[in-house]
Amino acid sequence: MIRPTKGKTPRRPVPKKQLNNQKDPVGVYCRVRPLGSEDEECCVEVISNTTIQLHAPDGLKANRNGEFKETQYTFKKVFGLKTTQKELFDDVAKPLVEDLVHCKNGLLFTYGVTGSGKTYTMTGSPGQGGLLPRSLDMIFNSIGPFQAKRFVFKPDDKNGMEVQNQVDALLERQKRESQQSVPKTPSSRQKLDPEFADMISPEDSSKAEGVDEDSSYSVFVSYIEIYNNYIYDLLEDAPFDPIKPKWNGTGTPLRHNTEFIPPQSKILREDQNHNMYVAGCTEVEVKSTEEAFEVFWRGQKKRRIANTQLNRESSRSHSVFIVKLAQAPLDADGDNVLQDKNQVNVSQLCLVDLAGSERTSRTRAEGNRLREAGNINQSLMTLRTCIEVLRENQMCGTNKMVPYRDSKVTHLFKNYFDGEGKVRMVVCVNPNADDYEETMLVMRFAEMTQEVEVARPVDRPICGFAAGRRHRNQAFKEELSRRLEERGGPVDGEPPSALGQLLQSLPQLPPCEISDPADDVTFPRVIECLEKRLKIRQMLTGEYNKAANMLKSMLQDLDGKLISKENFIHDQQGKLGEKDKMIHNQKNEIDRLEKKSKMLEYKIDILQKTTNIYEEDKRVLQHELETREQRLQRELSEKKRMEARMQGFVTDEKLRWQKECERRVNAKELEMQNKLWVKDEKLKQLKAIVTENKTENRPDKPQRPSREKDRAPAKRSASPSPIPQVVRTAPLPPSTRSVSVASCISEWEQRVPQADRQGSPSPPQSISRAQGLSRRRGRCWARDCEVPVQSRDLDLEENVYRTAAPVRPMHRRSHSAGAERWVDHKPLTNVELDTVMQPNVPNAIKVTAPSEKALSKCDKYMLTHQEVASDGEIQTKLIKGEVFKTRGGGQAVQFTDIETLKQETPVAPSRKRRSSENGPNQEQNKDGDWTDVETRCSVAVEMRAGSKVGPGYQHHGYPKRRKP
Ligand code: ADP
Ligand code: MG
C-alpha cells in the first residue's frame, strides 16, 4: 500500500495487523460494451445484474466436436450495454474518491482484451467522460474552497510531502510564473482545449461528503506508462536542448518529428514507509479539473507521439495516472496551513488502464514486436500469478512469496495488495465471438481476483485543534471589517460606538498651516500633539494586545471546554449507542415474546374450540345413552309382560296335557287290562290243557291270581325285585341244539298258534320283553318266570303270574354248605372267542346240554349263550339262575341274572364322539346302550378297567347286586 505519507519525518510503519483486521475482497465489476456492428456474432449474455454467460461461438463448437459450452461468471456487479459512464462512475469510482478525500488509498484498473472498452471506460470519449475525468471533477468539487495556495505543499523526491511557509510559497510562485513553465489555471471552460473539453461535463458533477474544512488540500498528478516492463514518465519535461524544444504545457505538438527525444525509463523505489514509487517522476500540482485533465491529455499526447515515433502499439502498454491528495490541518487561527510535517496526510488514487490481455498481438507480431508482446503478456501473467498466490495464501493460510517484483506493474502496486486500501477492477468485455477464448480467460482471472482480500483502510486521527477553525476565522474577519466600517462615525441619531468614542477622545490636531519655514509655534504644537497621539496609540495597542491575548486565552479555554464537551458528547453517544443496542435487543425480545404469546393464544383458541366440540359430542352421546336406556327399560318391561303371559299359557297348556295324558293313560290301562284278562283266560285254558295232558302227580291246580293281586306288585314296584322266571327246559334235538335262546323263544311263539288252535292259550308277549331284557344287561324286569327243567322235554313254556310267590313252592337248596355248585352249560355250538375275560366258575359241572342229573347236584345254573348283536359282533350272554327242586321231583331253574360279554374292535367310533353326537340327536339313540345312565356309568368303570383288559373289551353287568 501507499501508506499515507506524513511529511518527511522518518518513521517506521506500525505493523499493519495491529492497525487493522478488517478486510474487503477486491471489487470486480464487469462491463459489456455493445457490439461493433450488427453482423458480429455475440457470445456474451448478461443474465442478471451480477452474472454473465458466455456461449461458445458456432465455429468453435464445430472445432471441438460440436461440444456445446456455456459458462457463467458472477461479479459484484455487471454493467450491460446501456450503462452510462455516469452510472459506472457512481458505482465504481465514487467510493474511491470519497476515500481519497478521507485520506484513504485506492486503486482502480480496467482489464480486458484490446478493443473491449478499457480506455473508453477509463478516459471516455468526447461527451462521454470516463472514470478519470469524473474522478478529477469530484475531487475538485469536494476540496475546491479548501485548497492551499500553489507551492504550499511541495513533494520531495522521496515520495514525501513538505509544507512551505507562505513567503517561500509566494516566492516560488513568482519564480515559476516568470519561467512560464506552469500553465495558468484556465479561468473558464471556454479556454479549454476543444480536444478534450467535452469529456468534462459540468452537469454530472459529484461531491464527497464530510470533507474536513479545517484542512488545506492540494492535488498532484503524475502519469506514467509501463511499456515492455519499462516505466516512462509521460509528464516529464524534455531535457533542455536549444535545438529540441521542451514539451509545452498546452500540449502543442513538437515542432518537428525528427526532434523527438525518446523518454528515459524510470526506476521504482521504496520510500521510508515501504511504499513503492517511481523515482524522479514528475508530480504536477493542479488546482482544477480542467488543469488536471489538461495535464493528463498532455501525457496522453506524448504517449501517442512516442508510440508513433517508436512504432509501438498503444494497446500493449499500461498507463497509470496517479492522483495524490495532500492535506494538512490549518493552524489554530484557521489562517494558515500548519507547519507540522507530521500532520501532513497524503493519499493517492491510481487509475490504471492495463494493456490488452490477449495472448498474441492483434496485428502481426514480428521481431521486436513479438518480444514486446511477450513482455506485455509477462506483466499480465505476473499479475495473474500474484493474484493466485495471494488468494492461496489467504484461503489456505499459507505464506508463499508473492512475485510482485517479477514485473513493474505488480511491483508498483504491491502495497495495495499486502497493505491496506481499496482495490477495484473493471473487467471490460467485448461480446464479439472472435474474442471468445480470450474473454473466457479474462473472466476466469476476474472471478479469481474477487477472492483476494485487501485490508480495509482505517480512519486517520485528526489533529488536536478544534474543529471549525476556518469557519470561525472567516466569521471573525467579517466581523472585524464590519466594525472597521463603523469606524467612520455613528450614523445620525445613533449613539457612538466604543471605537468611535476612542477616536473622538484623541487630541485634535492643531492648525498646521505653515507660513514660515522657521515657524516655532506650529511645529512644536504639532509635534506635541503627535507625541500625545503616539502615546495614546501605544497605550491603545498595548490594551488591544492585552485584550487580544485575553481573548485568545479565553478562546483557548473555550476550545478546551469544547473539546471536553465533545469528548463528553462522544462518551454519551457511545453510551447512547449501547442503550440503543439494549433497547433494540429488548425490542427483539418483546417481539419474540409477543409472537410467542400470539402463538399460545392461537393454541388456546384451538383448544377451546376442541373442548367445545368434545362437550357437544358428550352431550349428544349422553342424550343417546338416555334414549337407549329408556328403550331398554321399555323392552325389558315388555319382555317381562310377555314372560308372564307365556308362563300363564304354559301352565294352562301343561294342565291341559296332564289331563289329556291321564285320560289317555286310563283309557290305555283299561284296554290293557282287557287284553290281559283275555290273555289270562287263554293261559288258563292252556294250563288246563297242559295239566290235563301231563302227569297226575300234580293234583293241585294252580290258582289264577286275581287281577287286583296281579297289579299289586306293579304298583309296589318303584324298584321291582327280580321275579322268578320259570323256564321249562327240554333237551333239544341234536340238530337244533345250536339254535339260540332267542330262536327257541320265537320257535315257541310260533307253536303257540298251533296250541291255540288246539285250544291252548295265546302266547305271552313277555318273551319279547325278555328279549328287551337282554339289552338291559340281564336286569330282569319281567314278572314271575319259572323254567321247569324236565328231561328231554323240548317244549318251552312260559307262565306269567301276577303273584309274587310261585304257585308251587320251590325248595331252595341251602347255602349253608358255603361253596355254591354251578352247572356250567356251554352249548357245543358256541364259538371259541379267545377273550381274556372268560367265565371261570370253580367246581362247576360243565355240560353242553342241560341234564337233570347235573342240575340235581347243583344249586346254580349258568348258560353261556352266544348271538350276533345288532352291530354284527358276537355277544356272549351268561344267563344265570338258581336251581330249585320242584314238588314233582324235577329241577326248575329260576333265571336271576344275565351277564353280557361283548367284544368290540377298536376301530369303533369313540364313545366320547358318540356321546357328543348323541347330544343333539338323543332321540335317534334313545333305545341304544348309551342312553342309559347305568350303561354310561358301567362304561366309565370299564374304561378304567379297560387299561387292564385291553381295548374294545366290555364287561357289562353287576351280577351280585341283583341278588336277593
Ligand atoms: P481498449 O482500450 O480496451 O482497447 P477502447 O476503449 O479503445 O478499447 O474501445 C474500442 C472502441 O470501442 C472505441 O471506439 C470505443 O469508443 C468503443 N467502445 C468501447 N466501449 C464502449 C461502450 N461501452 N459504449 C460505446 N462504445 C464503446
Ligand atoms: Mg485502450
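Reply: Let us begin with a term. Helices are DSSP runs of H or I with at least four residues, numbered from the N terminus. This is a predicted model, and its chain comprises 20 helices and 30 strands.

Me: Which helix gives the largest share of the shell around ligand 1?

Reply: Helix 4, residues 118–122, provides that share, with 3 residues. The shell also includes Arg31, Arg33, Pro34 and Val113, together with Thr114, Gly115, Ser116 and Gly117.

Me: How do the residues of this shell divide into nonpolar, polar and charged?

Reply: Gly is counted as polar in this scheme. The shell then holds 5 polar, 3 nonpolar and 3 charged residues.

Me: Which side chain has a polar atom 2.7 Å from an oxygen atom of ligand 1?

Reply: A pair of N or O atoms is read as a polar contact if they lie within 3.5 Å. The side chain in question is that of Thr119. The side chain of Arg33 places an N or O atom 2.9 Å from an oxygen atom of ligand 1, and for Lys118 the distance is likewise 2.9 Å.

Me: What percentage of the residues in the chain are buried?

Reply: A residue is read as buried when its relative accessible area is under 20%. In this chain of 964 residues, 39% are buried. The accessible surface of the chain is about 56800 Å², and carbon and sulfur atoms account for 53% of that surface.

Definitions and conventions: Residues numbered from 1 in each chain as written. Chains lettered and ligands numbered in written order. Predicted model: local features only at pLDDT ≥ 70, side-chain atom pairs only at ≥ 80, totals over all residues. Heavy atoms only, no water. Helix = DSSP H or I, 4+ residues; strand = E, 2+ residues; numbered from the N terminus. Buried < 20%, exposed > 50% of the residue type's maximum accessible area, 1.4 Å probe, protein only. Areas by Shrake-Rupley, 256 points an atom, 1.4 Å probe, with all protein chains shown as cover. Near = heavy atom within 4 Å. Polar contact = N/O pair within 3.5 Å; in protein donor to acceptor, adjacent residues only side chain to side chain.
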